[in-house]
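Please keep the sequence and the model in view as you read.

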Amino acid sequence: MLTCAIIDDDEINRLTLEHYVELTPNLKLEASLADGIAGLTFFREGNRVDVLFLDIEMPHLTGLELLRVLADPPEVIITTARQDFAVDAFELRVTDYLVKPFDFARFTQAVQRVKPRLQAAPAATAETPANADLFVKVNSRMVRINFDEVLYVEALSDYVNIVTAKHKYIVYTTLKALEARLASFPHFIRVHRSYLLNTQHIESIEDNTANLRGGHFVPIGKSYQEGFYKGLQRI
């Protein structure tokens, strides 16, 4: 039995979701709340659910703001009338993104996506994120990137260049913002004011330059060298 909660200030949509939950076997509603503040209180009181159906545009505290505040959020299915928050939502690792109005079939599809994610969760460790994928917006489309495969990230003014062995992705964000997103990925470290480096792909280091697989090179900035070399496992 999966437990769930609804946080949505749209009363009609909230009632629709409650009805859909009633129609779904092995899904139990624990709370139906009308705003983000009530949702924050619900979780801070120690309540836990498997799935959260979450609206985005709510007064005082938006759905995305709530997700950023929660230390250990449940699996989240976004329910919103807006499509333009999708990139931000998937960067927060939501399970699915439903655009209102949606029917029961689409609701059921979203719920089905929760189960394998919950089953896989115990295999995660404190050192490895449960999901090493992030969605990034490249031009007009969202692309899933497995960050274990990323060699390095290079700052390009208001953009970053995310480089893997096979692809390069130019993404509209700052290096500082992406570094914060990658805080749970222990192998990513800042080695230069313009570079983030995945230490898993270092083959050698010479003259303060990291030589990576595939013939890539990343400079190690002077102000970053002491911390970088101290963190290396070496003899």
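The report below starts with the whole protein and then visits some of its parts.

## Before we start

This is a predicted model, in which local features need pLDDT of at least 70 and side-chain atom pairs count only at pLDDT 80 or more, while totals for chains, interfaces and linings use all residues. Residues are numbered from 1 along each chain as its sequence is written, and side-chain values use heavy atoms, with hydrogens and water left out.

## The whole protein

The protein has 7 helices and 15 strands; helices (H or I, at least four residues) and strands (E, at least two) are DSSP runs, numbered from the N terminus. Along the principal axes, its C-alpha atoms fill a box of roughly 65 × 35 × 30 Å.

Of the 235 residues, 45% are buried. Buried means under 20% relative accessible area, exposed means over 50%, and partly exposed lies in between (1.4 Å probe, protein chains only). The accessible surface is about 13,100 Å², and carbon and sulfur atoms account for 49% of that; such areas come from the Shrake-Rupley method with a 1.4 Å probe, and for residues only the protein chains shown count as cover. Contact means heavy atoms within 4.5 Å. Among contacts between residues at least 6 apart in sequence, 50% join residues at least 24 apart.

Helix H2 (residues 36–44) has Gly36, Gly39, Leu40, Phe42 and Phe43 as its buried residues. They cover an arc of only 160 degrees around the axis, so they sit on the same side of H2; the arc is that of the directions from the helix axis to the C-beta atoms. Their cover includes strands S1 (2–7), S2 (27–33) and S3 (51–54), along with helix H3 (63–69).

Thr3 belongs to strand S1 and counts as buried, because its relative accessibility is 17%. Beyond its neighbours within four places in sequence, Thr3 is in contact with Lys28, Glu30, Arg48, Val49, Asp50 and Val51.

In helix H7 (residues 222–231), the buried residues are Gln225, Phe228 and Tyr229. Seen down the axis of H7, they fall within an arc of 90 degrees and therefore line one face of the helix. They pack against strands S11 (188–192), S12 (195–198) and S13 (202–206). The face turned away from this buried side carries the exposed residues Ser223, Glu226, Gly227, Lys230 and Gly231.

The whole structure holds 11 aromatic pairs. The ring centres of Phe228 and Tyr229 are 5.2 Å apart with planes at 65 degrees, so this pair is edge-to-face. Rings of Phe, Tyr and Trp (its six-membered ring) pair if their centres lie within 6.5 Å; planes under 30 degrees apart count as stacked, over 60 as edge-to-face and the rest as tilted. Elsewhere, Tyr20, Phe53, Phe102, Phe104 and Phe107 form one aromatic cluster.

Setting aside residues up to four places away in sequence, Asn161 touches Tyr152, Val153, Glu154, Leu156, Lys168, Tyr169 and Ile170.

Tyr172 is found in the loop between strand S10 (168–171) and helix H6 (175–181), and with a relative accessible area of 61% it is exposed. The C-alpha atoms of Asn161 and Tyr172 are 9.2 Å apart, and the two residues are 11 residues apart along the chain.
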